[in-house]
Amino acid sequence: MKDSLLYLAIFTIGLVLALWGVLPDVLLSASISKWILYGLLFFVGIQIGSSKGAFWAIRSIGRRIVWVPVATTLGTFAAAAIASLILPLRSLTDCLSVGAGFAYYSLSSILISGYRGAELGTIALLANIFREFMVLVFAPWMVKHFGPLSPICAGGATTMDTTLPVITRYSGTDYVVVALFHGMIIDFSVPLWVSFFAGLG
Amino acid sequence: MIQILLSIISGVAVGYAVRRSAFTKYVSRVIQIIILLLLFFLGVSVGSNKEVVNNFGTIGLDAFVIAALATLGSLIGARMVYKLFFERKKNDV
């Protein structure tokens, strides 16, 4: 929990500094965080390469690995359908479109803005940022109560990049291969599902 | 996509080469520091998006409800798949 509070504080500091407008423009460009991300992935790679069981795990996981993205997709869509019952302003396909972003907020928000307008696009942006953020902050809690696959399913399309480090840290290096496989499958499925649901009615 | 895979693959190669060195003990610490940096930039990108900031209240609540439920749904799915396919084979994961 101490880690979670630290993460929350750092995120808030970034948010407040940007609101104040005291940050130099250099920091606002997306390319900086992209390079930090690549650096991060490099270190995650080092962790995978230097851990003993990782290569062996690739073969031993086997076919059951495909159930992980299935769980993510079905769990998300079922819950998004329930969300549409709670939110009077949002239709079933609104909620399914936003849910189908699977934390891939940049792509899903742009696609949804195109199909349904800026408001739902902004909701998609926020909801999918929240989703990534929840994994970054609550990964230890998720692992404790829902098992080591839970931050992977919750992380959606981000489990091959931004949330991979927390998954490595809290589910263990054994699950890195599952996270990479899952992230790739979900990542590819986002534009398909979003176009499908946002294009309906 | 290509950059992402290249970053990981080159890291794996370096990691495999240095797997016996003491340096690998500090890798998880470095990773945590980089996560903090990325979270800072996530905050910056939310705070510098005018449209998001202006409508944060009304739109934010709907977004939060969808995100919280979608996350919970996938957590339940994750637990079911873990119980069905992973737990009993714990030793070979």
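The following questions and answers go through how several labels were assigned in this predicted model.

Q: Why is A:Ser109 called buried?
A: A residue is called buried if 20 or more other C-beta atoms lie within 10 Å of its own. A:Ser109 has 25 C-beta neighbours inside 10 Å, so A:Ser109 counts as buried. The residue sits in helix 7 of chain A.

Q: What does A:Ser109 touch, not counting residues up to four places away in sequence?
A: A:Ser109 touches A:Gly121, A:Ala124, A:Leu125 and A:Asn128. A contact requires C-beta atoms within 7 Å. As for A:Val194, 85 residues separate it from A:Ser109 in sequence, while the C-alpha to C-alpha distance is 9.5 Å.

Q: What makes A:Phe102 and A:Ala103 stand out in their phi values?
A: Phi of A:Phe102 is near 45°, and phi of A:Ala103 is near 70°. Most residues other than glycine have a negative phi.

Q: Where are A:Phe102 and A:Ala103 found, and why are they called buried?
A: A:Phe102 lies in the loop between helix 6 and helix 7 of chain A, and A:Ala103 is found in that loop too. The cut-off for buried is 20 or more other C-beta atoms within 10 Å. A:Phe102 has 31 C-beta neighbours inside 10 Å and therefore counts as buried. A:Ala103 is buried, with 31 other C-beta atoms within 10 Å.

Q: How do helix 5 of chain A and helix 4 of chain B pack?
A: Their axes are 7 Å apart and the angle is about 145°. The crossing is right-handed. By class, the residues of this contact are 20 nonpolar, 6 polar and no charged.

Q: How many residues does each chain bring to the contact between chain A and chain B?
A: Chain A brings 82 residues and chain B brings 63 residues. On the side of chain A that touches chain B, helix 3 (residues 30-50) gives the most, with 17 residues. That side has 58 nonpolar, 17 polar and 7 charged residues.

Q: How do you know that chain B follows the pattern α-α-α-α?
A: Chain B has 4 helices and 0 strands. Read along the sequence, these give α-α-α-α.

Q: How does the radius of gyration of chain B compare with that of a compact globule?
A: A compact globule of 93 residues would have a radius near 12 Å, whereas chain B has 20 Å. Along its principal axes, the C-alpha trace of chain B spans about 55 × 40 × 25 Å. Buried residues make up 40% of the 93 residues in chain B.

Q: Which domains does the assignment give for chain B, and what distance separates their centres?
A: The assignment gives domain 1 (1-48) and domain 2 (55-93). Taken over C-alpha atoms, the centres of domain 1 and domain 2 of chain B are separated by 24 Å.

Key
Residues are numbered from 1 along each chain as its sequence is written. Chains are lettered from A and ligands numbered from 1 in the order in which they are written. This is a predicted model: local features need pLDDT of at least 70, side-chain atom pairs count only at pLDDT 80 or more; totals for chains, interfaces and linings use all residues. Two residues are in contact if their C-beta atoms, placed from the backbone, lie within 7 Å. Helices (H or I, at least four residues) and strands (E, at least two) are DSSP runs, numbered from the N terminus. Ala, Val, Leu, Ile, Met, Phe, Trp, Tyr, Cys and Pro count as nonpolar, Asp, Glu, Lys and Arg as charged, and the others, Gly among them, as polar. Domain bounds come from an automatic or database domain assignment. Axes are lines fitted to C-alpha atoms, for helices over the stretch in contact, and angles run from 0 to 180 degrees between N-to-C directions. A crossing is left-handed if the near helix is turned anticlockwise from the far one by less than a right angle, and right-handed if clockwise. A residue is buried if 20 or more other C-beta atoms lie within 10 Å of its own, exposed if 12 or fewer, and partly exposed in between; C-beta atoms are placed from the backbone. The radius of gyration is taken over C-alpha atoms; the globule rule is 2.2 Å times the number of residues to the power 0.38.
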